Structures are given as C-alpha cells and as structure tokens.
Amino acid sequence: AVSVAHTNQARLTVMDITPETGLADYFQQSYDIDLNAQFREHRLEALDTLVAPQVDEGHAIYTKVASGTPFIEVVQAVQRNGHDLVMKVAQHDNGLAPALFGSTDMHLLRKCPCPVWLIRPQAPETYRHILAAVDVDENYPPAELKVRQAMNRQILEMASSLALAEFAQLHVVHVWNAIGESTMRGAFMNIPEDDVSAYVEHVRRLREAALQAMMREVQGNLGKEALDYLKPQRHLLKGWARREIPLLARRIDADLVVMGTVARTGVPCFIMGNSAETILNQIDSSVLAIKPPGFVTPVSVQD
C-alpha cells in the first residue's frame with residue numbers, strides 16, 4: 001500500500017475495525033470508564049506502531065480505528081473521504097474455509113464503490129504475471145455496452161500501470177462464444193457444417209478485431225513506448241469465462257487477476273455477476289476488482 005501510494009502520490013489511510021461487543025455495557029456498571037473508547041485507543045496505538053517505520057522514511061500515513069461491521073465501515077469511509085482504492089489481505093473471517101475470500105471480502109467485492117485489491121496472504125513481494133480479463137463482446141444494449149467499454153479501459157490501464165511498476169509480464173484475456181453454435185450443430189437444425197464453421201470463424205474475427213481496437217486505444221492513453229515495453233500477451237479463448245479464466249490464471253501462474261465485477265449499473269440489486277462470482281471462487285491469486293462508472297453502492301453513509 002505504501003508503494004502504491006508513493007508511486008501515485010496518493011494519500012494513504014490505514015484503517016482497523018474493532019467488533020462491537022457487550023463488554024462496555026457489562027463493565028460500565030462497575031467501572032467509570034468508556035471501555036469502547038479504551039479498545040479503540042489501544043488499536044490506534046497498535047496501528048501507529050505498525051506504520052511508524054514507513055512514517056520515519058518520510059511517507060505520510062493516516063491511521064483510523066472504527067467500530068462496527070467491517071465492510072460497512074470500509075464502504076462508508078470510502079464514501080466520506082473519496083478513497084480511490086481499498087487494499088486488504090484476503091482471508092476468511094473464521095480462517096477455516098478452503099476458499100480464498102471470506103464474507104467481508106465478498107461484501108467489499110460486491111458493494112464497495114471503488115476498486116478493491118484483495119491480496120492473498122502468501123503473495124510474492126513483487127508480481128511476475130498480471131492477468132487482465134476484459135469483455136469485448138458488443139452484443140449488449142447501447143447503455144450497458146458503453147459502461148462495459150469504460151470498465152475494460154480501466155481494467156487495462158490499471159493492469160498496465162501495475163505491470164510497469166512491478167516489471168511484470170502483462171496478459172490480456174477475452175473469452176468468447178459463438179451464440180447458438182451447439183444448437184446449429186444439432187441433429188434437428190440441418191445446417192451444413194461448413195456454414196456453421198464459417199459463422200464461428202466470423203465471430204472469432206469480430207472479437208479479435210475488437211480486442212485489437214481496445215489495445216490500440218489503451219496504447220494511445222499509455223503511450224506507444226510503454227506498451228512496446230510491456231509487450232502484453234493476448235489470449236483469445238473460446239469457451240466460458242467462468243471456466244477459461246481460472247484455468248488460464250493457473251496455467252500462467254498469475255500473481256494478480258484484474259477484472260470487472262459488475263456491468264449492469266441500472267439493475268436494482270445487481271451487485272455482482274454470476275460469472276464474476278464463479279471466477280472469484282476458483283482462483284487462488286490476488287484480485288483487483290473494478291467497478292463500472294456509475295456504480296452505486298447499496299450501503300449508505302447513514303447505515
């Protein structure tokens with residue numbers, strides 16, 4: 001977090017959240033102290049001790065302790081203070097489940113309005129392979145397509161920036177499907193195989209052209225020299241994203257997967273897509289999850 005803040009000349013806040021307990025009410029009858037305040041003061045001292053070496057090196061770091069439900073406190077802090085990024089170690093609340101992400105992690109992935117970077121506990125100090133997953137399918141309603149394209153750009157720009165900072169290999173993946181292919185190959189459609197194959201190849205070429213166009217757009221934003229230095233490896237995979245992206249992440253030994261979590265900003269309660277949840281439940285690398293422009297969190301500052 002210190003490195004990212006320093007590179008981007010950003011303000012860094014380190015936050016801890018204490019659980020709400022009934023101890024204060026219990027002891028208040030016997031002792032004239034505010035036990036909750038004492039807890040927060042103790043945790044704040046621990047935070048200050050944690051960041052002290054970095055502060056001594058000249059980094060400006062702010063510390064904060066809140067009390068309550070962790071994901072709500074984090075989301076509210078983002079809303080109040082306009083944070084651009086949340087970084088957190090990925091871990092289950094009980095430490096026992098085999099999956100990488102716990103309930104707090106998943107709540108943040110679904111509801112935090114800014115990008116969320118969940119770092120696996122055994123993550124290397126530097127990343128070697130960064131995987132950016134984009135969707136260049138144009139078969140969406142115009143409003144949703146515009147949102148998806150903006151999210152694709154943000155995914156690529158953030159993945160490229162991190163790859164440059166980490167001297168990492170950048171991989172860009174798009175998983176595509178030819179809608180209706182299996183039906184057309186069925187016994188009842190009676191469509192010649194050559195025609196079906198020509199249709200599938202047509203879809204593949206469209207997606208390849210769309211991916212190339214998006215890479216050219218990102219090159220215009222980052223600069224040709226930066227993209228030439230990165231030499232991103234493109235992966236155009238046929239299949240289903242929920243299967244192919246985790247397989248590719250394991251195949252290239254990805255240290256970080258950068259992906260979008262939702263695109264339908266206008267659909268009530270559409271917090272995170274099923275494909276995104278399925279992918280997240282199958283990968284064991286760190287994840288940087290991007291929200292689309294216009295995403296509105298269901299958590300209000302008053303909650």
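**Helix packing and backbone features of the predicted model**

Helix α8 consists of 30 residues and reaches 43 Å from its first C-alpha to its last, close to the 44 Å expected at 1.5 Å a residue. The expected span is taken as 1.5 Å times one less than the number of residues in the helix. Helices (H or I, at least four residues) and strands (E, at least two) are DSSP runs, numbered from the N terminus. The model is predicted: local features need pLDDT of at least 70, side-chain atom pairs count only at pLDDT 80 or more, and totals for chains, interfaces and linings use all residues. Residues are numbered from 1 along each chain as its sequence is written, and side-chain values use heavy atoms, with hydrogens and water left out.

The protein has eleven helices and nine strands. Of its 303 residues, 40% count as buried, where buried means under 20% relative accessible area, exposed over 50% and partly exposed in between (1.4 Å probe, protein chains only). Among contacts in the protein with a separation of 6 or more, 76% are between residues 24 or more positions apart; contact means heavy atoms within 4.5 Å.

The buried residues of α8 include Val196, Val200, Val203, Arg207 and Ala210, and also Leu211, Met214, Met215 and Val218. An α-helix has 3.6 residues a turn, so residues three or four places apart point the same way. The elements covering the buried residues of α8 include α6, β6 (169–176), α7 (181–184), α9 (224–230) and β7 (233–238). Ser197 also lies in α8; with a relative accessibility of 32%, Ser197 counts as partly exposed. The C-alpha atoms of Ser197 and Glu181 are separated by 8.8 Å, the two residues being 16 residues apart along the chain. After α8 comes Gly223, which has a positive phi, near 105°.

Helix α6 (residues 142–166) and helix α8 (residues 193–222) have axes that come within 10 Å and cross at roughly 55°. This makes α6 oblique to α8. Axes are lines fitted to C-alpha atoms, for helices over the stretch in contact, and angles run from 0 to 180 degrees between N-to-C directions. Angles under 35 degrees count as roughly parallel, over 145 as roughly antiparallel, 65 to 115 as roughly perpendicular and the rest as oblique. The crossing of α6 and α8 is right-handed, that is, the near helix is turned clockwise from the far one by less than a right angle. On the α6 side, the contact is made by Asn152, Arg153, Leu156, Glu157 and Ser160, and on the α8 side by Met214, Met215, Glu217, Val218, Asn221 and Leu222. By class, this contact has five nonpolar, three polar and three charged residues. The end C-alpha atoms of α6 are 36 Å apart, which agrees with the 36 Å that its 25 residues should span at 1.5 Å a residue. Phe167, which follows α6, has a positive phi, near 55°.

Pro70, Phe71, Val74 and Val75 of α4 meet Thr104, His107, Leu108 and Lys111 of α5. The residues of this contact divide into five nonpolar, two polar and one charged. Ala, Val, Leu, Ile, Met, Phe, Trp, Tyr, Cys and Pro count as nonpolar, Asp, Glu, Lys and Arg as charged, and the others, Gly among them, as polar.

Positive phi values also occur in loops. Gln9 has a phi near 50° and is found in the loop between α1 (2–7) and β1 (12–18). At 77% relative accessibility, Gln9 counts as exposed. Asp253, with a phi near 55°, is in the loop between α10 (241–251) and β8 (256–260); at 38% relative accessibility, Asp253 counts as partly exposed.
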